[in-house]
Structure formats: structure tokens, C-alpha cells
Amino acid sequence: MSIEFVGMVFPRAWSETQGGERQPGFDLEFLRFHARAHEQAGFDRVLIASGPGSPDSLHIAAYLAQHTERLGFMVAHRPGLVAPTLAARSFATLDHLSGGGRLRLHAITGITAEPQEGDTLVDKSERYARTAEYLQIVRQTWTAAEPFSFEGRYFSVKDSVSPIKPVRPGSIEISFGGASDAAYGVGVRHADLYAIWGEPLADAKQQIARIRASAAEAGVAAPRISLSVRLILGATEEQAWERAHGILAKIQQNPQFQPGGPRHGRQKAVASERLLAAAARGDRHDRALWMPTATAVGAYGDTTALVGTPDTVAQALLDYVDLGVSTFLNRGYDPLYDTVDYGRWVIPAVRAEAERRARTAA
């Protein structure tokens, strides 16, 4: 099994251990340096996030493609804010300009509507239905050789054909996330990669089984599985846990997660509720999974952590490989230096052991 590693970049240095909300504007020097650090560390891709009022993720990918050679870009994209045919052409255009095969569209349906972006579709089940139509049109725009028409509840396309295709058929993958039945139904039909967050092994196994069962019910091949979890490393177990508790203290002091802060009390996704339920059962699970970092921020995203020496953390990641995970999205609380450390100590160890196991199985 080939193991893929995905990092994450922001327009400027940021993590939950720093005070205040994400700073506006750009630190282009840091952005370039951080992307190159991922490339040198052996990451396959970086996720470029998207949200209300944030910089355009596709433009950031275009900028970083000029300053890297092979690094791929997992571009977060909110279906419904622009026409699907236009989005398909934009991604296909950048696929050529970036050198080909470096893009992945990461579809974000969202917990809530984004009225500040012109999206007033409040009902979440409707937004998932709209996402399904959107991704179908995007995929068809990438592949159709003849004009096609589509008449749905949310989109209408008549005699559409784009001469701008991806460099190679299927070279732009679609990834997707969500932990509700509605999410599973859309994701298994339209995604190549299904992203889940770092849950205890038993919970992750259950969710992977549900994804595969949904695919079987739909009569489609199950997507590959990605797992997003933070990594906190130390030279010894004691140092790793000392660092983990120091990180937690800084998060708890961050005003954006305190009552009255911009991120406190936000509406929870089903995936967030799953993390909080696991945290209620205990702070530590399995080999190295630690939950308090998720609890401290309301489990708004990939906020659980694997804590330990590089060997402990690598073995913990391999426990998820045994469940069927083939992609890991890992980012740290010290963005630049954690990127370097993952490349030195974790990524090569996980890949080597996964390859050894594959050879043994063969």
C-alpha cells in the first residue's frame, strides 16, 4: 500500500497556540518557505483551507506551484458558490499551469450556510444534495468529449463542453469529508478519497466500515481513506507529554477559544460530536491518541493528537494503516519546525514499514 502524507499551509504562520484570530494579509516569504519545507520533508501534498473571507485557495495553489517542483495541492473548495462548469475549468487550467497532476479538489459542504458569500441554503441535507449535483457536473465537465446537458434541483446546464481538460484523465482527484449518513451517501459516489478525523481505533474502524457499506449499497467502488490527526513529538515519552501539556495550556489561554471568542460555542458538525463523545470516554486512547486538544477548541476540525516519540507516533499511524487508511493529513502546532521533524522522523519510518508489510503479505 502506498502511503500518502498531506500537510497544511496558511497565508502566514498560524496555529491554535498563538493568541488571537488568524491574522489578515499574507507573509509570502513564510508561505513559500513552508511549502518548500513540506516538499523537502517528503510530503506529497498540502491542504489549502477555505472559509468565509479567506484568501482564494486556488490562487494560493497557483502561487505555490511557481515556487515548488513536485508538491501537490489539496485545494479546499465550497460547492455552490461559483458555477460548477467555471470551477471545473479553473481547476483544469491550473492543472496545466502547475505542471499537471498536482491538484486535488477537496469539497467542503460546510456545517452552515455562508450568507456572507452569497450562500443562503440553510438546510444541511439540501447543501449535501447540491454538492452531489455540483461534483457530478464538475466531473462531467472534465471528461465529456461532446456537449452535455444537466437538469437538477440546484443546477441547470445546457449543451456544455469544455475544451480545457485535466492534463491526464482522472489527474484531478476529488476528496470529501463528513460523518453523517447524508455525507456518506454523497462522498462514496463522487469522491476518490474520503477524509475522517483522528478518532480512537474502534471508532475509526466503525466509520470506515460505514463508508464501505455505503459504497456497496450505491454499487460503487469505495473511496480510499484519509485520516487527519495532529502529531506531537518528543525525543522521549516524557518530553513528548511535557510538550503536549504545554501546547494544551497555550490553547486554553488563547482568547479565540474562550467564552466570547470568535471560535467559542460554534455549531458542531457530526464529526465534531464524535470527537467530543470519544473525549468524554477518556483523555487517552489506544497507543498514543490524546483528546484534550480537541476538547479545548470544541473539536472544530482535525484537533486530536498522537503524542510520543517518533517511533511511538509512527506505530500509532501504522495502526490506522491496518484499518485501511492510506492517506494521513498531519500538521503541527509549531508549523514550520513540526513539518521538518515529521519529514525526518515519521514519514520515512511509516512508509518503510508499510512497504515491508506489503512485501511480506505478497
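## Briefing: rings, strands and a pocket

Arginine 230 lies over the face of tyrosine 333, 4.2 Å from the ring centre. Keep in mind that this is a predicted model.

**Aromatic contacts**

- The count of aromatic pairs comes to eight.
- One of them joins phenylalanine 10 and tryptophan 14 in an edge-to-face arrangement, with 5.4 Å centre to centre and 70 degrees between the planes.
- Phenylalanine 10 counts as buried because its relative accessibility is 9%, and the cut-off is under 20%.
- Tryptophan 14 is buried too, with a relative accessible area of 6%.
- Elsewhere, Tyr128, Phe176, Tyr184 and Tyr194 come together as one aromatic cluster.

**The four-stranded open sheet**

- Four strands make up an open sheet in the order β10-β13-β12-β11, and the pairing is mixed.
- At the β11 end, the partner is strand β12 (residues 289-290), paired antiparallel over two bridges.
- Across that pairing, arginine 284 sits opposite tryptophan 290 in β12.

- What about β3 (residues 72-77): how many of its six residues are buried? Six of the six are, so the strand is largely enclosed by the rest of the structure.
- In a regular strand, side chains alternate between the two faces of the sheet.
- For β3, both faces are covered: Gly72, Met74 and Ala76 are buried on one side, and Phe73, Val75 and His77 are buried on the other.
- Strand β2 (residues 45-48) runs parallel to β3, and four bridges join the two.
- Within this pair, valine 46 stands opposite phenylalanine 73 in β3.

**The second largest pocket**

- This pocket has a volume of about 160 Å³.
- Its lining consists of Leu233, Gly234, Ala235, Arg243, Pro310, Asp334, Tyr337, Asp338, Asp341 and Trp345.
- Helix α11 (residues 335-361) supplies the largest share of that lining, with four residues.
- By class, the lining has five nonpolar, one polar and four charged residues.

Note on methods:
Residues are numbered from 1 along each chain as its sequence is written. This is a predicted model: local features need pLDDT of at least 70, side-chain atom pairs count only at pLDDT 80 or more; totals for chains, interfaces and linings use all residues. Side-chain values use heavy atoms; hydrogens and water are left out. On a 1 Å grid over the protein atoms alone, a cavity is a set of points where a 1.4 Å probe fits but cannot get out, and a pocket is an open set with protein on both sides within 12 Å along at least five of seven lines; lining residues have an atom within 4 Å of a point. Grid points are joined across faces, edges and corners, and a volume is the space filled by probe spheres set on the points. Ala, Val, Leu, Ile, Met, Phe, Trp, Tyr, Cys and Pro count as nonpolar, Asp, Glu, Lys and Arg as charged, and the others, Gly among them, as polar. Rings of Phe, Tyr and Trp (its six-membered ring) pair if their centres lie within 6.5 Å; planes under 30 degrees apart count as stacked, over 60 as edge-to-face and the rest as tilted. Buried means under 20% relative accessible area, exposed over 50%, partly exposed in between (1.4 Å probe, protein chains only). A charge sits over a ring if NZ of Lys or CZ of Arg is within 6 Å of the ring centre and within 35 degrees of the ring normal. Two strands pair if DSSP finds at least two bridges between them.
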